[in-house]
Amino acid sequence: MKILVMGPPGAGKGSQSAKIVEHYALPSISTGQMFRDAFNNNEPIGIEAMKYIKDGNLVSDDITNEIVRIRLSKHDAEKSFLLDGYPRTVAQAIALDNLLEEMGTKLDAVFNILSSNDVLFERMEQRRVCKQCDATYHLKFKKPLVEGICDKCGGTLYQRQDDTYESVKNRLEIYESKTKPLLDYYDKKGILYQINGMQEFEKVYNDIELVLRDL
Ligand code: ADP
Ligand code: ADP
Ligand code: ZN
């Protein structure tokens, strides 16, 4: 099973991806997460990427394609994987197709999680992330049991540097201009599934599950 999870920032890509990979035991590949981890570990690529990320701009296609290429060449990604937040530009989609062709494989499904901008702004304002294990919380809809502490690992919760109003606004504009054209690209291949992200976590997951079950 080789799938993509797409959608504007805050749509619920990370939350749904976590459920899917748990249920289907797939390796999860999130470019945003890989950049944040590299930054937290003081790696040069992470420090370079954060210059773009903090203001809500995209990291260059070259850097992004390269980290994905390295990750997909690992043994665990041979049979199945879930890509979260990649590709985000047409150039990345083409690079991915070329890479998969080299690997003798292709994508099975692309999920686009839809939401209104009002909901997205609210979600990102209320989002908190675990410093240690990257689990995501929402101050209203997915509250940690103890304030400021991750339920899963006891790590500290923090607000992402790029979850400010200005950065979110910029990310939504970039999504419209650079990422949305990809939907057409995948629709033409007949593998695009639109998912209503403005429902409860479980309902969104059920809609995705219905498609996955038949792949
Ligand atoms: P993305 O990876 O697309 O940016 P996240 O999965 O991090 O999105 O979700 C953004 C925020 O919205 C998080 O705080 C998350 O807990 C919350 N969230 C995600 N899906 C839902 C949902 N269906 N209902 C309510 N809140 C949600
Ligand atoms: P969100 O969907 O909530 O914005 P992500 O964790 O997917 O969060 O991405 C965070 C940031 O990392 C993006 O705003 C962007 O700066 C960078 N990033 C992630 N994936 C890509 C990508 N495929 N291409 C370029 N930049 C990316
Ligand atoms: Zn944690």
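So, helices here are DSSP runs of H or I with at least four residues, strands are runs of E with at least two, and both are numbered from the N terminus. Before I go on, the housekeeping: this is a predicted model, where local features need pLDDT of at least 70, side-chain atom pairs count only at pLDDT 80 or more, and totals for chains, interfaces and linings use all residues. Residues are numbered from 1 along each chain as its sequence is written, chains are lettered from A and ligands numbered from 1 in the order in which they are written, and side-chain values use heavy atoms, with hydrogens and water left out.

Look at Asn42, which sits in the loop between α2 and α3 (44–53). Asn42 isn't a glycine, yet its phi is positive, about 60°. Is Asn42 buried or exposed? It has 60% relative accessibility, so it counts as exposed; the cut-offs are under 20% relative accessible area for buried, over 50% for exposed, and partly exposed in between, with a 1.4 Å probe and protein chains only.

Asp134 is another non-glycine with a positive phi, about 70° this time. You'll find Asp134 in the loop between β5 and β6, and at 23% relative accessibility it counts as partly exposed.

And then there's a cis peptide bond, between Tyr86 and Pro87, with omega at about 0°. Pro87 is in the loop between β3 (81–84) and α5.

Side chains of opposite charge can pair when their charged atoms come close. The rule used here is a side-chain nitrogen of Lys or Arg within 4 Å of a carboxyl oxygen of Asp or Glu. How many salt bridges does that rule give? The count comes to 14.

Let me pick out some of those. Lys189 and Asp97 meet through their side chains, 3.0 Å from N to O. Lys189 is in the loop between α8 (181–188) and β8 (192–196), while Asp97 is in helix α5 (residues 90–102), so this pair ties together parts 92 residues apart in sequence. Lys189 is partly exposed, at a relative accessible area of 43%, whereas Asp97 is buried at 18%.

Next, Arg127 and Asp163, whose closest N and O atoms are 2.8 Å apart in their salt bridge. That pair links distant parts of the chain too: Arg127 is in strand β5 (residues 127–130), and Asp163 is in the loop between β7 and α7 (165–179), 36 residues away. Arg127 counts as buried at 14% relative accessibility, and Asp163 is buried as well, with a relative accessible area of 6%.

One more pair: Lys180 and Glu176, whose side chains make a salt bridge at 3.3 Å, N to O. And if you follow shared partners, salt bridges join Arg127, Arg160, Asp162, Asp163 and Arg171 into one network.

On to empty space. Rolling a probe the size of a water molecule over the atoms shows where empty space is left. For us, a pocket is an open set of points on a 1 Å grid over the protein atoms alone, where a 1.4 Å probe fits, with protein on both sides within 12 Å along at least five of seven lines; lining residues have an atom within 4 Å of a point.

I want to show you the second largest pocket, which holds about 190 Å³ of space, the volume being what's filled by probe spheres set on the points, joined across faces, edges and corners. Its lining is Met34, Phe35, Asp37, Ala38, Glu43, Ile45, Ile67, Ile70, Arg71 and Lys74. Which elements give two or more residues to that lining? They are α2 (31–40) and α4 (61–72), and α2 has the largest share, with four residues. By type, the lining has six nonpolar residues, no polar ones and four charged, where nonpolar means Ala, Val, Leu, Ile, Met, Phe, Trp, Tyr, Cys and Pro, charged means Asp, Glu, Lys and Arg, and the others, Gly among them, are polar.

While we're on α4, Glu66 lies in that helix and is partly exposed, at a relative accessible area of 36%.
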